[in-house]
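Hi,

Here is the structure I promised to pass on. Have a look at it first, and then read on for what turned up.

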Amino acid sequence: MAIETRIQPRQTIQNVAYGILCLGLGIWGWYDYSVKIPNSEAAFHEYTAAMDRKGALEKFTSERALTDAEKTEYNAVQGTLAKYKEKPAEPAAYDRAVQLWLYIVGCGVLGAPWFAYAQWQLSRSRFRLGDDGSFECAEGKFAADQVSGIDMSRWMLKSIAVVQLEGGRSVVLDDYKYKGVEDIV
């Protein structure tokens with residue numbers, strides 16, 4: 001009976017989980033970059049402008065009586081300040097850059113597709129050892145006499161074996177990524 005490898009379930013779970021995590025972080029970064037940070041900046045500037053105007057109007061009260069227009073403006077400024085329980089914090093100068101480059105570009109644009117591509121690459125590579133000793137892989141099908149040896153120097157350390165084919169070519173078998181490699185080896 002032929003021996004055929006398949007992707008280790010943990011490898012698929014890992015790639016899918018990391019892909020979803022990167023996609024989630026990319027969406028979160030986009031939300032912060034385009035919604036939360038501009039809202040925080042607007043609130044900070046609105047609060048600062050209202051405090052400045054309130055200070056100016058209070059300065060006028062010590063010098064003279066306020067006009068009706070200034071009293072209306074003062075009440076409007078008080079209403080604006082009443083919206084805030086405490087002074088809104090100004091977003092740091094690096095907040096937008098971090099959200100853009102780390103989360104949107106790093107995780108969303110590069111990270112999520114990277115793990116999808118890694119999973120796709122794993123699904124394309126299958127190894128098969130036929131009953132007659134033939135070896136099939138992504139590079140082609142090789143008869144038993146075309147396989148010149150197998151390098152097991154990293155097997156105990158990393159579970160990696162290298163099948164050496166005639167013509168100096170080699171194929172790496174990784175037991176961590178593929179289930180059934182130990183049977184082929």
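Tyr-18 counts as partly exposed, because its relative accessibility is 39%. Do bear in mind that this is a predicted model.

A search of the whole structure finds six aromatic pairs. In one of them, the rings of Tyr-18 and Phe-115 have centres 5.2 Å apart and planes at 40°, so this pair is tilted. Tyr-18 belongs to helix 1 and Phe-115 to helix 3, so the pair ties together parts that are 97 residues apart in sequence.

Phe-127 and Tyr-178 make an edge-to-face pair, 5.3 Å centre to centre with 85° between the planes. Here Phe-127 comes from the loop between helix 3 and strand 3, and Tyr-178 from strand 9, so parts 51 residues apart in sequence are tied together. Phe-127 is buried at 5% relative accessibility, and Tyr-178 is buried too, with a relative accessible area of 6%. Ring pairs also link Phe-127, Phe-135 and Tyr-178 into a cluster.

Finally, the largest pocket has a volume of about 200 Å³. Phe-127 and Tyr-178 are among the residues that line this pocket, which also include Gln-11, Asp-174 and Lys-177. Helix 3 gives the most to the lining, with three residues. By class, the lining has five nonpolar, four polar and two charged residues.

Best wishes

Terms used:
Residues are numbered from 1 along each chain as its sequence is written. This is a predicted model: local features need pLDDT of at least 70, side-chain atom pairs count only at pLDDT 80 or more; totals for chains, interfaces and linings use all residues. Side-chain values use heavy atoms; hydrogens and water are left out. On a 1 Å grid over the protein atoms alone, a cavity is a set of points where a 1.4 Å probe fits but cannot get out, and a pocket is an open set with protein on both sides within 12 Å along at least five of seven lines; lining residues have an atom within 4 Å of a point. Grid points are joined across faces, edges and corners, and a volume is the space filled by probe spheres set on the points. Helices (H or I, at least four residues) and strands (E, at least two) are DSSP runs, numbered from the N terminus. Ala, Val, Leu, Ile, Met, Phe, Trp, Tyr, Cys and Pro count as nonpolar, Asp, Glu, Lys and Arg as charged, and the others, Gly among them, as polar. Rings of Phe, Tyr and Trp (its six-membered ring) pair if their centres lie within 6.5 Å; planes under 30 degrees apart count as stacked, over 60 as edge-to-face and the rest as tilted. Buried means under 20% relative accessible area, exposed over 50%, partly exposed in between (1.4 Å probe, protein chains only).
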